[in-house]
Amino acid sequence: ASELDTGELVGAASMDNHYTINCYSIDPDGELSAISDNVQQAIVVEDDGSIIYSYYDYYLVYLMRLNPNETTEIVASFEQWGGDFDIDEEGNIVYITNSDLFLVTPDGVVEQVVSSGFQSADAVAVHPLTGDYYIGDTGISSIIRVTPEGETYNIYQDYSNLPNIEGLSFTSTGTLIIADEDAQAIYSFDGTELTTIAQGGLIDEPEDVVVDRDGNYIVPLDTYDGYESSLGSIIKVTPEGEVTYLAQQVFYYIDNIGIYQSRISWLSFQDGSGVIPAGSSENINVLFDATGLIGGDYSADIVITSNDPENPEMNIPVQLSVTGAPNINVETDSIDFGVTYTNFGGTEQISIGNNGTDVLEVSSITVDNDVFSLSESNATVGYGDEFILEVEFLPLEPGDYSGTITIVSNDSNEPEI
């Protein structure tokens with residue numbers, strides 16, 4: 001059966017040495033069940049647990065949907081094989097080839113967002129707060145950020161630590177988790193700094209990564225090298241770097257994995273099912289959690305399914321209003337121009353970002369010494385965005401010079417820096 005429980009994984013894998021690739025579900029205890037055959041990659045998309053997987057023949061690559069009732073349908077087709085795909089908050093499929101990025105609506109309408117924008121794209125993840133697409137471009141060992149409008153930015157490049165990016169996934173608060181096959185490592189990336197979570201040991205040839213509902217990182221390892229003791233596995237990595245097996249040495253081949261998690265992360269229940277005797281009632285605690293949410297209004301439906309013959313299903317609308325908070329982030333607290341010459345000087349850059357949950361309004365940027373000049377006097381910075389402030393130093397006479405740059409914004413914790 002294809003019906004999944006929350007927290008279950010799905011993956012494209014082979015359990016025999018004929019490399020027959022099927023779609024399997026893996027529960028949180030590591031138990032495997034076959035779901036569908038003849039697949040190449042698999043992820044979970046919709047809130048009802050439908051699975052999107054790719055299948056190809058000699059001419060086309062098909063994105064297929066496997067519904068919980070076990071019916072299948074073609075969503076879209078492509079002429080180019082894609083290395084990875086993800087979904088956004090609207091349920092659209094984000095599909096990448098080596099050089100292009102496509103957006104596919106749930107009913108199969110295809111839009112090309114980026115054309116010839118990458119060298120060798122092999123991993124994609126959608127930022128949960130901004131909706132931007134993050135691409136792992138193995139050809140240049142880079143993380144590429146793509147806006148929904150198709151603008152591309154190379155935000156981090158590291159040939160040493162990111163030689164072969166195979167998997168990307170986000171935590172609920174917007175931290176990027178990276179699996180690199182050649183580095184045999186799992187990293188976190190906060191937008192500016194790469195941090196090693198775990199490397200080596202059990203981590204061998206990681207092919208993908210997803211974040212589970214407890215905040216752990218689930219990683220498939222495609223290690224089969226012709227003998228039984230090298231069969232592939234799935235491991236769990238905690239944020240602290242502890243690595244354990246979830247499914248140990250069972251795959252002749254394993255590639256991408258996905259996880260079934262409702263996109264409505266702010267609403268949960270203390271009890272999801274139960275029995276109410278005749279003539280009585282029961283209070284169910286509904287939990288609201290605005291952690292990591294962008295400021296705005298959110299809505300959902302609580303669906304109650306029961307054996308009531310007259311009302312077998314009841315929908316209760318739920319709304320949540322969130323007041324966001326910008327958070328200014330300045331990458332450095334000092335600039336040193338070193339030794340320079342009169343009438344020449346130099347230019348340095350400061351990155352000013354917003355890693356909060358609402359728009360950052362920088363109302364004033366000033367410097368208290370006229371020998372320095374600034375490229376901007378104010379700015380508006382979206383959540384997850386940044387801008388570059390250029391500081392020019394042009395001395396007309398010999399001497400030592402110093403100054404203070406003051407940044408005023410609507411960050412309530414740091415209104416002035």
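Predicted model: local features only at pLDDT ≥ 70, side-chain atom pairs only at ≥ 80, totals over all residues.
Figure 1. Leaving aside residues up to four places away in sequence, Thr-238 touches Ile-197, Asn-216 and Tyr-217.

**Figure 2. Salt-bridge network of Asp-132, Arg-145 and Asp-385.** Arg-145 forms a salt bridge with Asp-132, with 2.9 Å between the closest N and O atoms. This pair links distant parts of the chain: Asp-132 is in the loop between β12 and β13, and Arg-145 is in strand β14 (residues 142-146), 13 residues apart. Asp-385 also forms a salt bridge with Arg-145, and here the closest N and O atoms are 3.1 Å apart. Asp-385 lies in the loop between β33 (379-381) and β34 (386-393) while Arg-145 is in strand β14, so this pair ties together parts that are 240 residues apart in sequence. Arg-145 is buried, at 9% relative accessible area, and Asp-132 is buried at 8% relative accessibility. Asp-385, at 30%, counts as partly exposed.

**Figure 3. Salt bridge between Arg-65 and Glu-73.** The closest N and O atoms of Arg-65 and Glu-73 are 3.6 Å apart. Arg-65 counts as buried, with 7% relative accessibility, whereas Glu-73 is partly exposed at 34%. A search of the whole structure gives three salt bridges.

**Figure 4. Strand β12 and its pairing with β13.** Of the six residues in strand β12 (residues 121-126), five are buried, so the strand is largely enclosed by the rest of the structure. β12 and β13 run antiparallel and are joined by five bridges. Ala-123 stands opposite Gly-136 of β13. The hairpin formed by β12 and β13 has six residues between the strands, and Gly-131 in this hairpin takes a positive phi near 80°.

**Figure 5. Aromatic pair of Tyr-134 and Phe-170.** The whole structure contains 12 aromatic pairs according to the search. One of them, Tyr-134 with Phe-170, is edge-to-face, with 5.1 Å from centre to centre and 80° between the planes. The pair links distant parts of the chain, with Tyr-134 in strand β13 (residues 133-137) and Phe-170 in strand β16 (residues 165-170), 36 residues apart. Tyr-134 and Phe-170 are both buried.

**Figure 6. Aromatic cluster.** Phe-78, Phe-85, Tyr-95 and Phe-102 together form one aromatic cluster.

Terms used:
Residues numbered from 1 in each chain as written. Heavy atoms only, no water. Phe/Tyr/Trp six-rings, centres within 6.5 Å; stacked < 30°, edge-to-face > 60°. Helix = DSSP H or I, 4+ residues; strand = E, 2+ residues; numbered from the N terminus. Buried < 20%, exposed > 50% of the residue type's maximum accessible area, 1.4 Å probe, protein only. Pairing = 2+ DSSP bridges. Contact = heavy atoms within 4.5 Å. Salt bridge = Lys/Arg side-chain N within 4 Å of Asp/Glu carboxyl O.
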